Amino acid sequence: MSAPSDNATTSVAEIVATIARHIHEVIGEEGFALDIDAGSSLSEDVEIESIEFVALAERLQATYGERIDLIAWLGELDLDEIIDLTVGELAEFIDACLREGAGA
Amino acid sequence: MPELEVGGVSLHYQRLGRPEGETVVMLHGMLVDNLSSLYLTLAPVLVGDMDVVLYDQRGHGRSARPATGYGVEQSVADLEALLAGLGISGPVHLLGNSYGALVAIETALARPGLVASLTLIEAHFAVDGWGDHVAHDLELAGFGLSESDVQDWLGDFGGRKLNRLARKVEALIKETSMIEDLRVARALPPAALRGLDLPTLALYGEHSDAIDRARDLEALLPRCELDLFADCAHSVLFEATRTVRGVVADWYRRLARGETIVPATHRVEVGEAEGEGAMHQEHVDFYKAELERRMGAAMGRTALRIEARPGAGRPS
């Protein structure tokens, strides 16, 4: 696990930007034309493949470290809810974990 | 991305959960599948207690796609080599969906000490004629993808995801030995299943096209619990994800407690928003019948052209 580089003051907007950067890197060339914001649906707008979602999760886990447990969170969601996730919802989950970890 | 070189082929894997826990290895299905389906459905409910290993089988997901090595024996060898590469000596719990369940069964038979238990979701295993059957289905899928109206539809409405999937499937069918490797699969003798004395959980949709295999497992395996999911078909993992998650998590908790597993069959009711497998199966059957008709007609045309060719049909 890499050392967490963000601190508790990381804003949701910054997390959205980080997620967008990882999506661009995971999807590659096709992804760079995409305009990604908090309202972007991973499935509808980004058209991310499930296997690319795994790569995204891996990158986010490495970025934010053990303070977030993405895989366990997925277990609380139905498959439809995972498919319907927006970048903003993903960012809010990460933000909540980081705040909890910081004792805020 | 974590990957391991196995016999010259790079396999992508994910290892999650508790390294100190018992290991469960998850095996996905053939052709349109990869590790993400189990990553999103069953891995999340097991990572709290277990060491969860998922990998993309050769030709699938983010693993390499070599031209050869798609037979059952090679699938077993890949799994064994991956575990050795990860330093896992077993015994491990194997969980497989569809073709992955077949690989799980074959691994348990080939490497008896390696496997602690089996969770088989919609297991298709090799009975007489299975190789021909699966080879035909793969040919049908390849034929369907080449049809101009299918290509047009993919171009107009398929979107990025479906088009990428279609290209991957086409490459597996047309650029690898998968069809020929599976055509020659050896049938599994019933006596082999009778000797497979492992705690086994078998899950099937009650409308599954593999329901006869469910009955085989029920009759032959010494310690098999068979769960038949109401209103579901072959895609039970996706049709009733929440219910399957509950059943599978409970199964591993029971094994961890050392509970004795005795043969039993249950009908499992699914949630309100789950199921509709009968309808899905009808759609699949409808499109398959249409493709069969078209492929039959195309082969007829080819045969006619060969017969019409001067000199055709004479021994050379």
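Student: Which elements of chain B are included in what covers the buried residues of α4(B)?

Tutor: This is a predicted model, in which local features need pLDDT of at least 70 and side-chain atom pairs count only at pLDDT 80 or more, while totals for chains, interfaces and linings use all residues. Residues are numbered from 1 along each chain as its sequence is written, and chains are lettered from A and ligands numbered from 1 in the order in which they are written. A residue is buried if 20 or more other C-beta atoms lie within 10 Å of its own, exposed if 12 or fewer, and partly exposed in between, with C-beta atoms placed from the backbone; helices (H or I, at least four residues) and strands (E, at least two) are DSSP runs, numbered from the N terminus. The cover of the buried residues of α4(B) includes β3 (23-27), α3 (72-85), β5 (92-97) and β6 (115-121) of chain B.

Student: How many of the twelve residues of α4(B) are buried?

Tutor: The buried residues of α4(B) include B:Tyr99, B:Leu102, B:Ile105 and B:Glu106. Helix α4(B) is largely enclosed by the rest of the structure, because the number of its twelve residues that are buried is ten.

Student: How far apart are the end C-alpha atoms of α4(B)?

Tutor: The expected span of a helix is 1.5 Å times one less than its number of residues. The twelve residues of α4(B), 99-110, should therefore span 16 Å. The model agrees, as the end C-alpha atoms of α4(B) are apart by 16 Å.

Student: Why are the buried residues of α3(B) said to be on the same side of the helix?

Tutor: In α3(B), the buried residues are B:Val72, B:Ser75, B:Val76, B:Asp78, B:Leu79 and B:Leu83. They are placed on the same side of α3(B) because of the arc they cover around the axis (the arc of the directions from the helix axis to the C-beta atoms), which is only 155°.

Student: In β4(B), what is the bridge partner of B:Leu16?

Tutor: Two strands pair if DSSP finds at least two bridges between them. Strand β2(B) is largely enclosed, because seven of its nine residues are buried, and five bridges join β2(B) to the antiparallel strand β4 (residues 51-55) of chain B. Among the residues that B:Val52 touches are B:Val24, B:Met26 and B:Ala43 (a contact has C-beta atoms, placed from the backbone, within 7 Å), not counting residues up to four places away in sequence. In β4(B), the partner of B:Leu16 is B:Val52.

Student: Which residue of the hairpin of β1(B) and β2(B) takes a positive phi near 55°?

Tutor: β1(B) and β2(B) pair in the antiparallel sense over four bridges. One such bridge joins B:Leu4 to B:Leu11 in β2(B). The hairpin has two residues between the strands, and the positive phi belongs to B:Gly7.

Student: Is B:Glu122 buried or exposed?

Tutor: B:Glu122 lies in the loop between β6 and α5 (130-146) of chain B, and its phi is near 50°, a positive value in a residue other than glycine. Because B:Glu122 has 29 C-beta neighbours inside 10 Å, it counts as buried.

Student: Which helix of chain A gives the most to the side that touches chain B?

Tutor: Chain A has six helices and zero strands. Of chain A, 16 residues are in contact with 24 residues of chain B. α3 (50-64), α4 (70-74) and α5 (79-83) of chain A each supply at least two residues of that side. With six residues, the helix that gives the most is α3(A).

Key:
Contact = placed C-beta atoms within 7 Å.
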